[in-house]
Every structure is written in structure tokens, then in C-alpha cells.
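Biologist: Could you take me through this model, beginning with the overall fold and ending with the surface?

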Amino acid sequence: MPRAQNAHAYVNAAFVYEFADASKEKLLKATICFGGINPNFVHATETEKLLQNVNLFDDSFYQKVLSVLGGELNPDWELPDASPEYRKNLALALFYKSCLDLCPEGKLKPEFKSGATQIDREISSGTQTFDTYEKNWPLTKPVKKLEALIQVSGEAKYMNDLPYRDDDLWAAFVLATEAKVKIAQIDPSEALKVPGVVAFFSAKDIPGINSFVSMKVPFTTANEEIFASDIVAFHGQPVGVIVADSLSLAQTASKLVKVIYTKSQNRELLVTLKDVMEAKAWQRIASELHTKPKNPTKYQGVKGSHQISGIFDIGSQYHYTMEPQTT
């Protein structure tokens, strides 16, 4: 399935204004639509009611319009969307831009005029330069990535470029909706009744080791389960996979699989590092090998040195790759 997120605007809008005449002194009615706010919001109906038989370009009235519109804009938040606050302000800015575009010449300050026009950008270009020591070549000699030319020209064939076969099947993970719980039962019967659903697989269907890492790989300290077999380690951990004759059907059917959990009395959810520290759950922190200076006392007491202590906290981040991940 092609990835489409990068082609979507955070918020899009459409405005239709009907004025009494060319002077635009009287706005008869307006139609205001937004996309990217939330699934149940398209028309700004309260704002449309306010914008009937009015002078839109009266400053005190316009401030009231912004207040009403702001009250109607209640963005949801599902990653990878931008934050609700940003999308709300963006929607208000699009409305403001449309009004600037329509504002009669005499009522618009010159410094605001450019806000009504599209920004024309030149075609992007880029160069790369490398600092290197030729005496070390070929060790530090810059070389082109072997696949670069066929990738940028579109000649490289990816999984999604291959034509579908009539007998293709599609898979979708069944994800755990609880964390730190025991799986008591997995019931895929409702999903398997749906026409087009072919099979359901879980940990018991894996003939070998239920792990997607190998203990032979350096620094691997434990197996990591492909499908949770007993205890769910984290929210969203795969507990199985549905196979169907289309991707959308597999995704829909995956939500019909019933997973019954048994919750422990002493279940403790430590979501952040701060939670771990406060709970003194030191078993959650693993020590890794690291190198030590040969002479640790060499730099102690050096004039001008400072010892700095404190806490630097970075909140959660959402990452996704530019290319679709398909197998």
C-alpha cells in the first residue's frame, strides 16, 4: 500500500463568500469548510451563521468572528498529525488569509497585503562537500552510493512497484491493548467468519523459536518474541497476525480478534524513566560495558574545569521512515 502521509496537508480549507455588490461592504453569506481538524468536523456552521448580512471587514466584528471560529475548531490528535494547538492556529490563519485576499484596497494596511498572496519559491537545489585527507585515500575517499542514480531516477524497483498477483494475500498484526498482563485466551473466531479472511496465526503456530532476534548476534542479551505468548510486555505488542485477500480486510478483521487478559494484583506500570527512578525499580536499568580513561585522575582539578549535574528530560518523539516498509 503506497504511503500517503507526506502528501497530505496538516489542515486544508475552502471558503465561498457571497457579497451584495463589488464594494464588498455587505457579506450576504459564507461557506467555510476545513479538513484535518477531526473526522466529525467539516462545516464551521456557527461561524457561517454569524457571517450573514454583515460587514466582514469591520475590525471589532472580525475579532468576534475569530473567537467563534476558534471555539468551533477542536482538533483531535492522532499521530503522525501535528499537535491540536498548531492545527487550530493554522486553520484560523487560513481563514485570515482568505479575508486578506478579499479585503478592499482602502481597508488593508500595506504591511498586511503580502499575507494574502501565495509565496513563490524557487526550485530547490543542493550540493554536498566533503572534508577529507587525500593521503588517507582510499580509506576516506568520498564515493557515491552505488544505488543512488537508479533511486533518484525512479528506475529502482521496490516491493510496491511490483504488480499484484491474483493469489496475493495480505497480513495485519493483532495488537495487544493492555500492558503487563497475562494472555488468558485468544479467540479469532469472529474474524475467521468474515469472507476473504484466510487464517490467523499466533505464538503457538511458530514451529521454531518465537523470536525475531538471534542470540548469535553480538550484544543480543535475550530473545524478543514475535508474538506475545504469555505476558504482554508493552501496549501494542503483536499477539498474532490475520491473513486475508486484501489489506483493508486484514486490518478490519484484525480488530475482531478477541484477546482476554488476566491482570495481576501487583501490576505496576512504569512508563517513563522518572517512574522507574521514583519506584526504585533498579532491575529495569541494565548496565552496559563502557571504556574508562587510562588515567582518570589526569583531568581532576584542572583549572577552569566544571562539574555539572542535573536532569535533562526529552519528551516522546514520533518517527517514521520516508519509504514504505513492505515485505
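This is a predicted model: local features need pLDDT of at least 70, side-chain atom pairs count only at pLDDT 80 or more; totals for chains, interfaces and linings use all residues.

Biologist: How many helices and strands does the chain have?
Modeller: It has seven helices and seven strands, taken as DSSP runs (helices H or I, at least four residues; strands E, at least two) numbered from the N terminus. Their order along the sequence is β-β-α-α-α-α-β-β-α-β-β-α-β-α.

Biologist: And what is the radius of gyration of the chain?
Modeller: The chain has 29 Å, whereas a compact globule of 327 residues would have a value near 20 Å. The radius is taken over C-alpha atoms, and the globule rule is 2.2 Å times the number of residues to the power 0.38. The C-alpha trace spans about 80 × 75 × 55 Å along its principal axes.

Biologist: What share of the residues counts as buried?
Modeller: Of the 327 residues, 24% do; buried means under 20% relative accessible area, exposed over 50%, and partly exposed in between (1.4 Å probe, protein chains only).

Biologist: Turning to Trp282, where is it found?
Modeller: Trp282 lies in the segment after helix H7 (273-279).

Biologist: Why does Trp282 count as partly exposed?
Modeller: Because its relative accessibility is 47%.

How values were computed
Residues are numbered from 1 along each chain as its sequence is written. Side-chain values use heavy atoms; hydrogens and water are left out.
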